[in-house]
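My plan is to look up a few features and note each one down.

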Amino acid sequence: MNAMRVLVFGASGDQGAAQVRRLRLHGHRAVAVTRNPQYRGDGLRAPVAGTGETVYADYRQPQSLSRAIAETRPQAIFLNLPSTSFQAAAPLLQAAEEIARASARTPGVQSLVFNTSMIVHDQPLGFAAHDARLEMRRRIMAAAPAVSIQPVIYLDNLLRAWALPTLLGEGVIRYPHAEELEVCWIAQDDVADLMIAAMTRPDLAGRSITVGGPEAVRGPDLARRLGAAIGRALRFESEPVTEFAARMGRLFEAGASLESRRLSAQLARIYQWYNSAPSRPFYVDMKPVLEVLPVALTSVEQWARRQTWP
Ligand SMILES: NC(=O)c1ccc[n+]([C@@H]2O[C@H](COP(=O)([O-])OP(=O)(O)OC[C@H]3O[C@@H](n4cnc5c(N)ncnc54)[C@H](OP(=O)(O)O)[C@@H]3O)[C@@H](O)[C@H]2O)c1
């Protein structure tokens with residue numbers, strides 16, 4: 001495969017950083033979009049010194065988005081957008097549309113890959129965060145040939161500040177999933193690899209592809225398998241969704257532009273739906289996906305061994 005020059009929006013975030021890292025590993029050139037002049041696009045959590053190429057753009061300044069695309073002349077664009085759970089969606093909807101328009105009119109751009117970062121169904125579900133992603137996807141697809149990669153849930157969530165201390169300190173994976181819920185946890189690196197595979201397939205334009213890990217795992221099995229892989233006794237605890245939502249609301253309160261109590265209620269509603277929807281939102285049959293995007297998916301054990309555990 002020829003090396004491609006790829007512009008990564010959200011490159012300093014967890015998901016974008018994995019994409020920068022994997023692009024480099026596959027021999028491509030990544031240009032990291034950031035508002036942070038100290039970030040050097042090494043695929044590490046910002047800010048770090050390094051040698052990566054970066055370009056400035058801010059979702060709240062539409063001209064900066066088209067300028068970044070025009071100046072860097074990428075062959076592909078990876079689009080990761082921040083959460084709309086605790087922020088107003090309108091500026092990000094506008095940014096998504098602007099990026100898609102600029103992608104379509106800039107010579108040399110062969111593909112736009114939108115990481116929805118979450119499950120997106122084909123109709124509104126009445127959950128603000130979901131419906132905003134659906135609208136982003138609609139606007140992007142209307143403005144440019146694009147493919148949408150839709151990860152159900154990241155294994156890497158277990159490393160975040162809202163999950164890791166309990167895992168390490170108490171030996172508990174406390175998560176707002178019912179014990180019986182079947183979940184196809186996927187590694188961020190695998191989503192990056194699926195996006196890399198998608199960027200070389202312009203024929204996939206217009207497709208929305210839901211992606212998950214190689215198998216469905218219930219919470220207690222996740223704890224047992226992860227514990228065995230890292231040599232610690234772990235157990236699973238199903239956290240009531242209202243407690244989880246209130247906890248997340250408190251965590252994100254400082255940076256939220258929306259009223260956090262109302263947004264916590266939204267978060268609780270969507271997690272209740274995740275747990276009870278007959279459509280099994282976290283379950284994905286990856287066989288047909290891998291026929292189109294051939295990627296080696298990571299098991300829970302492989303993922304666990306690749307992390308540094310304190
Ligand atoms: N499915 C799952 O399991 C899962 C897990 C985690 C997250 N998510 C979802 O993934 C999405 C993103 O997650 P997150 O918000 O936690 O992302 P994050 O990892 O905190 O990254 C945010 C990124 O967005 C960039 N950014 C933020 N505001 C910007 C602006 N105005 N202009 C340009 N860039 C901007 C930041 O870049 P700079 O600061 O460098 O400019 C940073 O790279 C959310 O919708 C979240 O719900 C899903």
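Predicted model: local features only at pLDDT ≥ 70, side-chain atom pairs only at ≥ 80, totals over all residues.

**Entry 1: a helix pair**

I began with Asp-221, which is partly exposed at a relative accessible area of 30%. Next I looked for a charged partner. Asp-221 makes a salt bridge with Arg-224, and their closest N and O atoms lie 3.4 Å apart. Where do Asp-221 and Arg-224 sit? I found both in helix α7, residues 219–230. They are 3 residues apart, so about one helical turn separates them.

**Entry 2: the wider count**

How many salt bridges does the structure hold? I noted 22.

**Entry 3: Arg-60 and Asp-58**

I turned to Arg-60. Its salt-bridge partner is Asp-58, with 2.9 Å between the closest N and O atoms. Asp-58 has 7% relative accessibility, so I logged it as buried. The cut-offs I used are under 20% for buried and over 50% for exposed.

**Entry 4: Arg-174 and Glu-237**

I then looked up Arg-174. It forms a salt bridge with Glu-237, and the closest N and O atoms are 2.9 Å apart. This pair links distant parts of the chain, 63 residues apart. Arg-174 belongs to strand β7, residues 172–175. Glu-237 belongs to strand β9, residues 235–238. Arg-174 is partly exposed, at a relative accessible area of 24%. Glu-237 is also partly exposed, at 26% relative accessibility.

**Entry 5: the sheet**

I moved on to the strands. In what order do the 7 strands of the open sheet run? I wrote down β3-β2-β1-β4-β5-β6-β8, with parallel pairing. The edge strands are β3 (53–56) and β8 (208–211), and each of them pairs on one side only. From one strand to the next, the twist averages 20°. As background, I noted that strands of a sheet pair through backbone hydrogen bonds, either parallel or antiparallel.

Last, I followed β8 to its neighbour. Strand β6, residues 146–151, pairs with β8 in the parallel sense. I noted 4 bridges between them. Which residue stands opposite Ser-208 in β8? I found Ser-148 there.

Conventions
Residues numbered from 1 in each chain as written. Heavy atoms only, no water. Pairing = 2+ DSSP bridges. Helix = DSSP H or I, 4+ residues; strand = E, 2+ residues; numbered from the N terminus. Axes fitted to C-alpha atoms, helices over the stretch in contact; angles between N-to-C directions. Salt bridge = Lys/Arg side-chain N within 4 Å of Asp/Glu carboxyl O. Buried < 20%, exposed > 50% of the residue type's maximum accessible area, 1.4 Å probe, protein only.
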